[in-house]
Each structure stands twice: as structure tokens, then as C-alpha cells.
Amino acid sequence: MVKLSTQAVQLGLNWDGRTGAVTVPIYQTATFKHPGLGQSTGYDYSRSGNPTRKVLEDGIAALDGGVRGFAYSSGMAAITNLLLLFSKGDHLIVTEDLYGGTYRLFEQIFRQYDLSFTYVDTSVLSEVENAIRPETKGLFVESLTNPLLKAADVRGLSELCAARDILCIVDNTFLTPYLQRPLDLGADITIYSATKYLAGHNDTVSGLVVVKDPDLAEKVYFLQNSVGAVLGPQDSWLVIRGMKTLGIRLDRQQENAQKIAEWLAVHPKVRQVYYPGLPGHPGHALLAETARGFGAMVSFEVIDPLLVERLLLKTEIISFAESLGGVETLITFPEVQTHADILPEIRARLGINNLLLRLSVGIEDVDDLIGDLAQAFE
Amino acid sequence: MKFGTRIIHNGHEVDPHTKALGVPIHQVSTFHQDSVDHFGKYDYARSGNPTREALEETIAQLENGTRGFAFASGMAAISSVLLLFSPGDHLVVCEDVYGGTYRVLTSLFSRLGITASFVDTTDLAEIRKAIRPNTRGLYLETPSNPLLKITDLAGAAGIAREHNLLTMVDNTFMTPYLQRPLDLGCDIVLHSGTKFLNGHSDVICGFAVVRDPALAARIGFVQNSFGAILGPQDSWLVLRGLKTLKVRMDESQRGARAVVDWLCRQESIDQVFYPGLETHPGFSVHRAQAAGPGAVLSFTVSTVELTRRLLEELTLAAFAVSLGGVESIISYPARMSHAAMPREEREVRGITDTLVRLSVGLEDPEDLIADLDRVLNG
């Protein structure tokens, strides 16, 4: 069994037996001819199945140790499809410091369909356990939260869920299967905004889901096909292409992130640093044991709100932009960007305030990145 | 400017930045910001991408709406619009609606508390009868799939307005070149852009267009939160396809007319369904609301055996699902577009085992007829 990074490099390599092409062709087609009545080549309409998208879907399933993968037009579309598995009256427990778009979807769309949600600190098992009710049917947890980087004990959470027939869904965007495989730890479903690390180049919007139970896979497929929020063939091909360098990108990004976090931790104008690679971080020991790394997201609080604007606008290499996980280093201001949809009182309690900045560390030379931050601080 | 000119000259024909004679493909997920207080027009591609936006503005213009939305598929467009409704809402839907729409209504949205009644909307009295105190929407296709049944859009819109219902019209078969539901008083136009709009059987996409700004804001919210968006490459391809919409429709209609006339003279053909036939039910209603009969026709063959041979032995028309492409496509609704509808439901609607649907492409009609002749009469 080859290593994960090897598998990733070889995605689609042997697909085209006819020509020997080392990449999968882009099947820019909507429909497929039937060889005869009642016969099919396995493909009939691209919403239902497309060969290029299938290589991506099979690829992520293999990397994640699942039985089937699904590709969507965005991470949010993937999450929406999973929420459609639930029914009126179902209750879900959710990570409290999660991406604002997920919160918005749950509160402003799904709540009206009589789904209810309780937001807790999912890095504390007892908090999750206390939130369980008879009608709890799902747990939605970010394995590494956005933006405070709290680590979830996926194995512990999965055990809690399995005992009570609760579907354990893990948004593993910040870690990727390269660093942690939630299905191996007992989760039922993993979900990714592939827009981030998987595609890795800030150039496509896409979502991926992996499932390990065949019956569940059928239900997820029914929704993917019926609702049709599928990823197009060009974008699928670009995500496949991006995934080939997942290993080397994440290795470099993590190396950089560790050095930057250590540099920030002793900077006089920084009040606090959130990075799991720092020994003082609450999730450090857990991730050291259950993951192959600490990721490449670093959040930090500056001592003065005026520094926020300076850091966002004065950096020349680091770009002030939404999103994360790509080769370029990006800096964002969660309070007004990614977490704007979360209620102010909740943000305040969580520590997502006007001093908090989030850095998605890329693959540039770390000295250049630190130099850029240093000059912006002045 | 006439329609044929407008599809080419619509404000997006020249790129303002470089003067390129075309829309650049913005294969990107995020955008740099220059200010913390005032974000730029674009921040994250799910929320807005310039290539997709050019397409959305174009389709809005062509349908005489104020705002357009591009989705990953026709079903994604339909599902996104259906998410405007709330549990307890009831919808009146045309009974021979596309099987995929039937499926999401009966297997998904019903579970979310939205109910639907399927009625013969060609009879406005049937629409009135079906309206209940909790009815909130009216969903129509005209000409319908696959029997090309005609619904009086202005009449239906009038009834809808009396009862405060949102009218949704799937205008896939006609396209705005031939029919503009917003002009007839309807609220939302939907498209499987996969079909005639893109016109090359190579992109899966969907659209929603509206006129009312408040409704536009609500759909925009769903598009952004759910994220079932169309990618930039696909958007660009659809923009390209749209440029030939008029000439393609003109030619396909001419071909359809010739094929229809020929089929009507064949003994092996029982019935022909085509809005251009004076004997077609709704002929005058259609002529009053549309500029042409379109390029899709259906017909019943004398025996099941001959039906099978027709599907398997034609060499020009591809035996496949879908329609609206440059190549003619022959389909078998009972096992394809309406396979998701139970057999009893299908038969009651006239979708029998000898019914065949033909989407006429751009081949010379003489060749198409010769091909049909060879199989039917050879």
C-alpha cells in the first residue's frame, strides 16, 4: 500500500488506457450516447456522473479511506447536501467557533425546516455529551476550527456518536487526509472545502465529501444527483491537478507556519498566538498523537486594534484576501470577513474580536514572509 | 437592437481592462482587498466571479429581467429556487413536469414540509381548483416535456397574482429567443442551460432570472449560502454558446418543421406532438405567447418493437438523454427523463412505451429524414 502522498501524485495516471495519457481527459460533455435500449456505458448525463469528476471523487475516497467520494460546486454546496440527509425535528450538535458561512446556512436556511442546532466547544467531549438529546441525529465538527484552531478528538467524538446512532460529520478542510483521516478515527462522513488546501492554488471553488458506509453513500448520491450542485469537469480536473502537490505543499506550509508562529509568539505587539504546533496550544498533544502535523493556519491577536489595519494593508507579499490553503500566503480579519454572519455576542465570547487576525501560510520563503510581517508591524 | 444582435452585443463583448474581444476566464477563488472598511466588488468566487457575472447579466438581459443567477445544473437552479419556500407551503405544479423536478419535489422537499399537487395546467380551471389557503407557488413548463403541452402563461400568472403565488416557469425548451415568461407576468424564469442556451451538449448548468429586486436578493442569498454555482470555465463556454443561440434555434426549428411534416405522413407513426401543428392542443395559445414552436417534438410509434429499432438503429440522431444541442438527440422518456416518475404516473400522462422524443439539431433535415425513413420504412 503506497503512501498517501504517492497516491495523490498519481491521481488519474492510469485512467486513459486507450491513449496512455498521464492525466485524465477533461470530459467537457453534458450527455453520453447509449449503446442500446436499456444499456449504458456507465455514464448517461454529467449531472449524474462524469468521468473526470469521477476520478476526483474516487481519488478523494481513496485518500480518505472511504468507499465513495462526491464532488460539489462549492464547500457550502457539499454541506447543504449533507444537511438534506436530515429530517424535520432532527437536532444537530455543531462546533461553536466554525466558519461563518456554515453558521449562516444552518441558522438562516435550515432552521426554518425545523432542524435545530446546538453550538458547543467540540474540543471538550463532555460539552458535546451534555448537548445530546433524544432527537440528536448529527454532529457537525470542524477537526481544526476556524479561526481559533481548536482540535477535536475525532475518535472520542465518533465513539460518542456511534453509541447513539448519531451521524458524525467532520469538516476536515484545515487538515486534509494528508494530516488526518477522520474516517479511520471512526467518523461517518468527511467534508472538505476543496477550494482550500486540496486544490491548493486559490483558483477553483469546490467541495468534496467522503463516506465509508455503502448505504449512506447511496443516500448521499441520491441527493447529489437530484439536487445537482455538482462540480464541472474543468474544475474537477484542476482540483485533481492541485491534489498532486498536496504533500509537498503542506510540508512546506507547515514548516513555514511553525516558524511564523514561533516568531509571532515572542513579538512584543502580539498578545496571543493560536497554532497547534506551539506546545502551549490546547490541542497540541492531541494532534501530535492523532495527526501527522499541525496544519498551516496561524491566528493571532495583536495588542492594539490600529495594528489590524496596518497588517492587512501594509504587507506586500502577504495578500489581504478571503480564503486559505493556497500557495500564496493570505491574511484575513475574521470579525468582518469569514465570521461576519455570526452574532456579535457569540463572536465576543469565542474571542473572535477586533484584534484577531488569521494567517493562511503559503509556500513562499519563510524569511520573506517574516520580513513582510515585521515591516508591516512597524 | 434585435435579439440576434443583442446576444452578441450586450455590454460584455469587450473586456474593459485589455480591450480583448471576449470575457476573460477568471479561474480564481479569492480577491485581494485594498481597504478594511470597504471591500471590493468581489471577495470570494462563490459569492461573485466576474466571468459568471457576465453570464448572469447576459441571461438577465435576454429574459428582460433585472438579475440572473447561474447554477451548477438545471436541478441546482430549481432546488435553489424551491428553497425560497417554507414548511407548510403548498405548490401547484404542472403534472407532466420533468422527472428530476418531480423527484426533488416528492422525495426531498416533501420531507422538508413543502407539498405539491400535480395538475393539468393546460386547463386554467384546474389550476384554480388546486389552489389552497397555503398555496404559495405555481410551477410551470410550457411546452412541457415530453408531450409539448401548452399552458397559458399570462392567464396562469393572472390567477397567481390573485392568490399571491410566486410563478416559476421552466423556459428550457423555448429560450428567451422564443418566449419570455417575465414579460407575460411571471416571477421567476428557470432554465436548464445545458440544453438550447449553451447549445453544444457540453456544459451542465442552470439559470434563474427575475425582475423583482426583493426576490432577486432572496435568490442571491440562497445562491451564496447554498453555493450551487457554475464554475468560470463552464460560464465562459455558455457565454460562447449563447452567441449562436438565434441561428441555432432558427435552423433547428426549420429542421423540426420538416421532420414533423414528414412524420405526419408516415403510417408507422401514430401521433406527433409539436406546437407548430395546427391540430396540436394549445396551438393558438402558444402562438400568442411564443415566437416559434421550437425544435423539440415527440411522437408515438406503432409498435414497441419498432420503437426499439428506431432508438438503436438511427445513425444521425444520438440515442441519449438531453436535448438542445447541435447534434440531434433521440430519447425515450419512459426510461430516461421520466424514469423517476412511477409507471402508473407516467402512463396516466401519456408517457408510454412507444413514445419517443426528438430534439432536432443542425443536421440537414433531408439527411435526418432519410435516416428516419431507412429505419421506419426500410
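Predicted model: local features only at pLDDT ≥ 70, side-chain atom pairs only at ≥ 80, totals over all residues.
Me: How do you know whether chain A agrees with a compact globule?
Reply: Set its radius of gyration against the rule. For 378 residues, a compact globule would have a value near 21 Å; chain A has 21 Å, so the two agree. The C-alpha atoms fill a box of roughly 75 × 50 × 35 Å along the principal axes. Of the 378 residues, 57% count as buried.

Me: Why is helix H9 (residues 233-243) of chain A called largely enclosed?
Reply: Buried means 20 or more other C-beta atoms within 10 Å. In H9(A), 10 of the 11 residues are buried, so the rest of the structure largely encloses this helix. Among them are Trp237(A), Leu238(A), Val239(A) and Ile240(A).

Me: What do the buried residues of H9(A) pack against?
Reply: Within chain A, they pack against helix H1 (4-9), helix H2 (51-64), strand E1 (68-72) and helix H10 (246-265). Helix H9 (232-242) of chain B is packed against as well.

Me: Why is E1(A) called largely enclosed too?
Reply: The count decides again. 4 of the 5 residues of E1(A) are buried, so the rest of the structure largely encloses this strand.

Me: What makes E1(A) and strand E7 (residues 207-211) of chain A a pair?
Reply: Pairing needs at least two bridges. These two strands have 5, in the antiparallel sense. Arg68(A), for one, stands opposite Val211(A) in E7(A).

Me: How many residues of chain A are in contact with chain B, and which elements give two or more?
Reply: 50 residues of chain A are in contact with 50 residues of chain B. On the chain A side, the elements giving two or more are helix H3 (75-83), helix H4 (100-109), helix H8 (214-227), H9, helix H12 (305-314) and strand E10 (319-320). H4(A) gives the largest share, 5 residues. By class, this side has 18 nonpolar, 22 polar and 10 charged residues.

Technical notes
Residues numbered from 1 in each chain as written. Chains lettered and ligands numbered in written order. Buried ≥ 20, exposed ≤ 12 C-beta atoms within 10 Å, placed from the backbone. Contact = placed C-beta atoms within 7 Å. Nonpolar A, V, L, I, M, F, W, Y, C, P; charged D, E, K, R; others polar. Rg over C-alpha atoms; globule rule 2.2 N^0.38 Å.
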